[in-house]
Amino acid sequence: MDVPKWEGRRAQQARARVKQVGATRNLPCCICNQPINYKLPSTDPDGCSVQHLKPRKTFPQLTWDPNNWAPAHLACNKSAGAKINAPLGITSRTW
């Protein structure tokens, strides 16, 4: 199965959703567990990005599943690569 591209309006909407939920719930980075400044742009290394809890490379069918998304610093997200950040099984409805 090909890995869907993470781009365009759909990816922008996903980032906005993760950022809004993360800011509302004051969620920390799912990788380093440190606070995220949700006011920073997503291009800032300390800004909020979408972390796929189960990597897109391994689980391409979960690319667009909101239950597989969590907020992470952009720098943490880039350094995490394709590591699995959640236990195998069904993703949680709440993150």
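This is a predicted model: local features need pLDDT of at least 70, side-chain atom pairs count only at pLDDT 80 or more; totals for chains, interfaces and linings use all residues.
Me: Which pattern does the protein follow along the sequence?

Reply: Helices (H or I, at least four residues) and strands (E, at least two) are DSSP runs, numbered from the N terminus. Here there are two helices and two strands, in the order α-β-β-α.

Me: How many Å should helix α1 span?

Reply: The expected span of a helix is 1.5 Å times one less than its number of residues. Helix α1 (residues 8-25) has 18 residues and should therefore span 26 Å; its end C-alpha atoms are 26 Å apart, which agrees. After α1 comes N26, with a positive phi near 55°.

Me: Which residues of α1 are buried?

Reply: An α-helix has 3.6 residues a turn, so residues three or four places apart point the same way. Buried means under 20% relative accessible area, exposed over 50%, and partly exposed in between (1.4 Å probe, protein chains only). In α1, the buried residues are A11, A14, V18, V21 and G22. Seen down the axis, they fall within an arc of 100°, so they line one face of the helix; the arc is that of the directions from the helix axis to the C-beta atoms. On the face turned away from the buried side are the exposed residues R9, Q12 and T24.

Me: What covers the buried residues of α1?

Reply: The cover includes β1 (48-52) and β2 (69-73).

Me: Which faces of β1 are covered?

Reply: In a regular strand the side chains alternate between the two faces of the sheet. Both faces of β1 are covered, with C48, V50 and H52 buried on one side and S49 and Q51 buried on the other. Two strands pair if DSSP finds at least two bridges between them; β1 and β2 run antiparallel and are joined by five bridges. Opposite V50 stands P71 in β2.

Me: Which residues touch the most other members of the largest nonpolar core?

Reply: A nonpolar core is a set of buried Ala, Val, Leu, Ile, Met, Phe, Trp, Tyr and Cys residues joined through side-chain atoms within 4.5 Å. Of the 13 residues in the largest one, these are V18, C29, I36, Y38, C48 and W69. Two or more residues each come from α1, β1 and β2, and α1 gives the most, with three residues.

Technical notes:
Residues are numbered from 1 along each chain as its sequence is written. Side-chain values use heavy atoms; hydrogens and water are left out. Contact means heavy atoms within 4.5 Å.
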